[in-house]
Amino acid sequence: MSKNKGDKGNLLLELFSEEIPARMQTGSEKQLTNLFEKSLKNRDIGYGQISTFCSPRHLSVIIKNIDLKQKNQIIEKRGPRLGSNEKAIHGFLKSNNIQENDVVIKDTKNGKFYFYLNQINGINTSEVLPEIINEIINNFVWPKSQRWAYSELKWARPLRNILLIFNNQPIEGKVAIDKNNFLNFSTYTFGHRNENKKIEVENIDEYERLLENNYLILDRKKRKNKIINDTKLLLKDKDIKLLDDDYLIEEVLGLVEFPNVLIGNIDKQFMNLPKEVLTTAMKVHQKYFSIIDDKNNLVPKFLFVSNTIPKKERDKSIIEGNERVLKARLSDADFFWKTDTSTKIETFNEKLKKVLFYEGLGSLHDKTIRLSAVSIYFSSLFKVDVSLAREACILSKFDLVSEMVGEFPELQGIMGGYYTKLNGKPNEISDAIFDQYKPKGISNDMPKTKLGCMLSMVDNIDNLTGFFIINKKPSGSKDPFALRRAGYSIVQILMKLKLNISINDLFTEALKSYENSSKIIKLDLIDFIIDKVKFILKKQNFRDDIIESVISLKESKNYLFPILYERVNCLNDIKDTNDFKTFLVNFKRLKNIIKSNKLLDISNAKLDIHLFESSEEQEIYDKSENLDINLKKYLTDLEHQGIILKEVINLNYVIHSFFEKIIVNHEDNKMKVNRIKLITELTERVLKFSNFHHIEN
Amino acid sequence: MDKNKSFQNIIMNLQYYWMDQGCVLMQPYDTEVGAGTFHPATVLRVLGPDPIWKAAYLQPCRRPTDGRYGENPNRLQHYYQFQVIIQPSPDNIQNLYLESLNAVGLNSKDHDIRFVEDDWESPTLGASGLGWEIWCDGMEISQFTYFQQVGGIDVKPVASEITYGLERLAMFIQKVENVYHLDWDGLDKDKGGKTYGDIFLQQEKEFSIYNFEKSNSSVLIQHFNDAEKECSFLLEDKINPLPLPAYDQCIKASHIFNLLDARGVISVSERQAYILRVRNMSRSCCLAWMDKSNV
């Protein structure tokens, strides 16, 4: 028996259904917790630790130490003001059915009032549980749900049983499926599908173990550990290991109640197919894992997770069955490979003319022509051979109409790489085509070659430009064309290769290729990319305010990208030094003085050095002029960013002594204007490097 | 070979099994369809008139684009489905299905049976449902769907549809790797026994040539237009429409569209338009059928 404290009890709820889609299972555990917590809190019922579990058919929650009784509630009712007439007071007493000694006097903001504090005794939790369970089930939202038979209730797949135990007692109650059909709360569940044994649960502490005895591992983590450990055992003594695939493991976890890890053989005749084709065919349709040797080569074996209770004979026939299926799958892939490799690339490319890229954006063939045109500019930016670049663009999309990519869309690019190589195209071209969809958003998996980077970039630029032109910009959570990802890819390549291009110029050529001259679209695209630049910089652990101080410069989109990056880097390097911190303080003081004098019109004033009264003014003037000269020469010189920043920070001393010695608010207006003008000029010059006032110290 | 495992025995055993479950045993619909679902016994019957409808039938299906000139061991442009439709969906339908496997000599307890999410949608029928593909030792042998909508109309009560891919199932049971090697009748060759290939290889070759190379596109387009016209004509009389003959025209149009598609003469943007036209036909038929059922 679980030891409950006298006034607390443990609860077990299990929602048993037909097989829930793997992708929805983890989310459903979280949702169950949230809904249960909300229902308990709303009713003032205290509770302890919550744990959830799920298998394809079971969704369960165990909550420890739930109050056996709801807390007493006090409902406060305000009556008449102190000193009101008898009639009002009597009316209040009568309407609440209370006596004079039931009321108290309380002080409020608006004076003293009579109050009635009505205490309502909490009811037993077991009595409200049926209501709570109904509330949870009816408020549950699945990513996709269905009706069944006459059901009015919707669930991801038909809900078949509700197990409910509280304080080790069954609870009477039911949930309506439709007007005439109900699921009564039960105390049983079912074990592994193979046996489908009905299991009576009497004690919550035994629940998980009871199921495990019936080959049902309820805990996702335990299933995962079993898969990992069994795999290790199976592969031990050999120099082979699983090709890591976290996504596949997570999916497989949602398809098994009791993972039984098995290994089968791949027919040798298929080992000549490209590695990517083999792994994709195995993974996508069959959810098989690939196995590699110590040189990262595929070995002719596959690993899969069966949902069965291990039994030698059965395991053997399951392996054989899976081997036959894989053979059929791979013969298909082999057929596609042979068909594709005996087709001329020109034939494929001709087909592209008939395939729409997107309504209003021409065919895929049109797209390759645009890419090729844009690549003339970008090839010199990337310092790659222009004719190779153009050919790579022209050949970049033909694999989309190949048989293999038709069957496995995730092999796009990769197949193009293989097919161009087989057709004797230069390696530079096939490598670039192979990698053209990298990086996938924020990822370190970059194209291996510069040409690959270029192809990836011009393709993403073409996507962004096209979809912005037809007004399919991403909004909110909607980004059906993965344009945000395209943006991140562009910025990552921009940073990695330190390309000498300004954000302003990024889309110029693509817009030309679409024959579009809209300024608004161009500005939208620029804003979009600036946003992505900020995000990626943030990902690289630069501080928000530092990024903002540079990117918010009016000129920033005209700067070559490496300048922006270098400037952020320089600021980041010195951000914690005392000199910089003092500088920020001084600089803010400068700005404040200017701000407090903003009514003063200095626009026509000309700085007059003859009005200087002190060496401090002269000194500031000299430094300011010197900065101006250097800015004019080096503001956009990559090598000089750090040097300029140093010069700016060194202004510290002169600004400091200026404040010490000089009173800006001179009684003579002429003097005052001259001094304001002096520090305004300096400030303006400093602000060309960075909006320092955005930086926090 | 165990005679019970022959292709024709598998069909017979499924028929007996579902007959015993109270299904009306029907025969294939006598026109080309892309799937067993197209049979009026499924599409129209789940919309009425009786909320209880159980039927089982074999249905030859045509998918012109899947033809491989008889050269691919797994792909056919003509193949068989066994279709079970039960409305309302019974609470024990999953178990009924698993027992049906026992009936064809496949003891589900000896295998790794998996229900893997696979939501089904037929754009031309305006139909959709949630369910699974059912795996047996990694092989997809059936499709299981809770029908939510047909012709854009909510199916009430919800029906459960089970579709067995018979060639796949038989290949699994007979442990055969090439569809043409399937034993059709369980008879030895010297006694006149036939394989799947003996019966269908020639058909696959000829129809692949027809579907991909020889069909006359302008004639087919004309047929499509005619079917569409006929369909709407048959539904014109709002008081006494003829949804069943009209639906025949809709099925015909759907098959013609598949033929045109295989011939590669439909561009991407036209494609959507064709699908929409068939969808409108099927929806009109469904609505007319429901109107009539409710009288």
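Author: In this predicted model, the axes of helix H13 (residues 414-422) of chain A and helix H14 (residues 427-435) of chain A come within 6 Å and cross at roughly 165°. That angle makes H13(A) roughly antiparallel to H14(A), a label given to angles over 145 degrees. Axes are lines fitted to C-alpha atoms, for helices over the stretch in contact, and angles run from 0 to 180 degrees between N-to-C directions. Helices (H or I, at least four residues) and strands (E, at least two) are DSSP runs, numbered from the N terminus. The crossing of H13(A) and H14(A) is right-handed, that is, the near helix is turned clockwise from the far one by less than a right angle.

H13(A) contributes Ile414(A), Gly416(A), Gly417(A), Thr420(A) and Lys421(A) to the contact, and H14(A) contributes Ile429(A), Ser430(A), Asp431(A), Ile433(A) and Phe434(A). Residues are in contact if their C-beta atoms, placed from the backbone, lie within 7 Å. The residues of this contact divide into four nonpolar, four polar and two charged; Ala, Val, Leu, Ile, Met, Phe, Trp, Tyr, Cys and Pro count as nonpolar, Asp, Glu, Lys and Arg as charged, and the others, Gly among them, as polar.

Residues are numbered from 1 along each chain as its sequence is written, while chains are lettered from A and ligands numbered from 1 in the order in which they are written. Local features need pLDDT of at least 70, side-chain atom pairs count only at pLDDT 80 or more, and totals for chains, interfaces and linings use all residues.

Elsewhere in chain A, an open sheet of four strands has the order E13-E15-E16-E14, with antiparallel pairing; strands pair if DSSP finds at least two bridges between them. Strand E13 (240-242) and strand E14 (259-265) of chain A each have a single partner strand, so one side of each lacks a neighbour in the sheet. The twist averages 30° from one strand to the next. Three bridges join E13(A) to strand E15 (residues 289-293) of chain A, and Lys241(A) stands opposite Ile292(A) in E15(A).

Helix H8 (residues 312-341) of chain A lies across E14 and strand E16 (298-307) of chain A, at about 55° to E14(A).

The contact between the chains takes 33 residues from chain A and 30 residues from chain B. On the side of chain A, E16 and H8 are the elements giving two or more residues, and H8(A) supplies the largest share, 12 residues.

Methods:
Two residues are in contact if their C-beta atoms, placed from the backbone, lie within 7 Å. Angles under 35 degrees count as roughly parallel, over 145 as roughly antiparallel, 65 to 115 as roughly perpendicular and the rest as oblique.
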